[in-house]
Amino acid sequence: MERKSKRFSKKTIWISIIAAVILVGGTITATTLLTKTSKQDYFLAELNTANFMTEVVENRYSAEFDWAEEIKETPSETNLELSAAFNDPAGFDSTGMQEIINSSTISLTNSLDPENKEMKFEAAVNVAEMSIEDIEFYLTTDKMLASVPFLDQYVQVKENELGNLLYEIDPMTYTGEEEIEFDSFFNQTVVSEDEKDHFQDAYLKMVYEELPEDSFTSEDESIEVNGESITTSKITLQLSEEKMKEIMVKVLNEAEQDEILKEVIQNQASFGSFSSNSDELAQITEDFEAEIAEAKEAINDFKIPGGLTSTLWIKDDLIVQRDFSVEMGPSESELVVFEFIGKQVMNEQDQMFDYELVVTDEFGANTMNLTGDLSWQDNVADDQITVSVGAFEASYTGSEEIEDGTRNFDRRLAIKDEFSSPMEVIWNGTSTYNNDQTNTEQYVSLKGDGISENDFKLHINTNSQLVKSLDIDTESMDVVNLGTMSTAEIDTFMMEDVTPQFEQWMTEFYGSMFDSGSGL
């Protein structure tokens with residue numbers, strides 16, 4: 001696969017993405033589909049199927065979705081405690097590690113006020129009855145503060161001073177012009193609703209309108225799905241190479257001048273790199289535009305000899321079978337065939353699907369199979385999903401039951417291939433969602449060759465609740481503003497304040513360990 005992937009340039013990837021966009025009709029809104037033609041029925045089926053599965057998931061996990069929506073607007077506090085149970089399979093513990101693990105906990109508290117844009121994070125560690133506490137972090141839209149147990153001061157960096165601090169720490173890497181908006185840490189969506197609406201209008205609707213009506217044909221056909229004969233409406237989309245290239249160019253032209261798209265790309269790049277300056281952001285935009293220009297030039301020589309064919313079999317406005325195929329490549333000698341075929345049956349209680357993705361080139365065919373059988377009835381779930389590629393197989397099995405507002409679940413992911421022994425990840429526990437608070441108790445363990453489920457088990461206990469406001473106290477200690485310091489001042493602070501306090505704290509900490517008999 002690595003050998004094959006090297007043969008595809010960025011231009012090829014861009015063209016492949018644009019080809020896929022042509023068929024992403026499931027997100028086109030119903031307001032676009034005003035008349036009942038084969039073209040309308042094709043995309044309505046995609047839309048209805050996507051919406052149906054969304055509703056199935058939302059109904060099953062309604063409490064979880066409601067809570068997620070609640071904490072988007074209301075201040076909340078989440079306490080998470082991690083601990084573990086280790087049973088040495090060898091039967092003895094000469095290092096004492098088993099006792100240390102079994103008597104250790106990590107406690108994390110995260111508080112968030114989305115409206116006032118304040119965040120608080122606290123951590124504490126208990127190892128063999130010895131506690132390390134008072135690890136604190138605060139963030140607002142214009143500053144961040146941190147405190148550690150050995151320091152009687154808060155260290156602070158303001159948003160507009162971050163670039164200077166980075167430059168003073170590492171002048172070879174940073175220029176001092178780097179910027180990051182702390183406000184972005186409070187954004188809980190990657191793309192805003194306005195941006196989603198823009199992309200839908202600018203791309204999906206445009207592609208939809210560019211698809212000719214006569215590219216769609218329909219007929220009735222009986223097929224067999226899950227052992228049952230079904231009479232369906234069969235709709236086929238056939239696009240020629242010429243029309244595909246024409247649509248690709250229009251999409252690329254729109255992207256090349258789309259300032260909103262460029263802004264989204266810049267925002268994500270800036271957030272991912274923690275800091276950026278105007279030159280870096282300008283370079284990101286320049287690289288994006290250059291790649292688009294290269295892709296547009298490459299389309300002329302790009303080969304799609306058979307065009308694109310996509311067939312849907314539709315029953316009760318939902319897709320029950322699909323067959324998609326396209327052959328494309330940068331030249332006649334580098335053609336790759338993509339095929340996506342499968343069947344599915346969906347109702348409110350059960351959803352079954354069986355799909356196969358085949359990628360074929362001069363070296364042969366690579367096949368990925370995806371099958372699933374999901375059930376949710378009377379607040380009881382029974383799920384099975386399997387993904388297989390050659391000798392590799394990942395299988396998920398899950399059982400859930402909601403009783404008196406508490407969800408009991410057991411979820412298992414089994415992985416096997418020809419190069420290693422089978423392994424199973426086991427995740428079980430309970431979750432309860434009330435009006436203003438939640439609790440989840442989870443256990444994660446492994447099972448495999450020489451490893452039993454009870455050898456090592458991670459325990460995760462989470463309690464969340466809605467609060468009126470965040471309790472942030474930054475007045476109890478002095479604040480040292482690192483953002484305005486020079487390199488010499490930072491060195492002085494580290495040597496005269498941080499290092500002595502750290503050494504004293506370490507002396508007291510190790511003394512307490514030996515006094516308690518926990519010294520190593």
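The model is predicted, so local features need pLDDT of at least 70 and side-chain atom pairs count only at pLDDT 80 or more, while totals for chains, interfaces and linings use all residues. Residues are numbered from 1 along each chain as its sequence is written, and side-chain values use heavy atoms, with hydrogens and water left out.

A salt bridge here is a side-chain nitrogen of Lys or Arg within 4 Å of a carboxyl oxygen of Asp or Glu. Searching the whole structure gives 24 salt bridges. One of them joins Arg407 to Glu64, with 3.1 Å between the closest N and O atoms. Arg407 belongs to strand S16 (residues 406–416) and Glu64 to helix H4 (residues 62–70), so this pair ties together parts 343 residues apart in sequence. Helices (H or I, at least four residues) and strands (E, at least two) are DSSP runs, numbered from the N terminus.

A salt bridge also forms between the side chains of Asp183 and Lys117, at 2.6 Å from N to O. This pair links distant parts of the chain, 66 residues apart: Asp183 is in the loop between helix H6 (162–169) and helix H7 (193–210), and Lys117 is in the loop between strand S2 (105–113) and strand S3 (118–127).

Glu221 and Lys234 meet through their side chains in a salt bridge of 3.4 Å, N to O. Glu221 sits in strand S7 (residues 216–225) and Lys234 in strand S8 (residues 228–239), 13 residues apart.

The table gives the accessibility of the residues in these two pairs.

| Residue | Relative accessible area | Class |
|---|---|---|
| Asp183 | 23% | partly exposed |
| Lys117 | 26% | partly exposed |
| Glu221 | 26% | partly exposed |
| Lys234 | 18% | buried |

Salt bridges with shared partners connect Glu64, Glu400, Arg407 and Arg411 in one network.

Helix H7 has 18 residues, which at 1.5 Å a residue should span 26 Å; the C-alpha atoms at its ends are 25 Å apart, in agreement. The expected span is 1.5 Å times one less than the number of residues in the helix. At Gln200, H7 bends by about 35°, the bend being the angle between axes fitted to the seven residues ending at a residue and the seven starting there. Gln200 is among the buried residues of H7, which also include Glu195, His198, Phe199, Ala202 and Tyr203.

How values were computed: Buried < 20%, exposed > 50% of the residue type's maximum accessible area, 1.4 Å probe, protein only.
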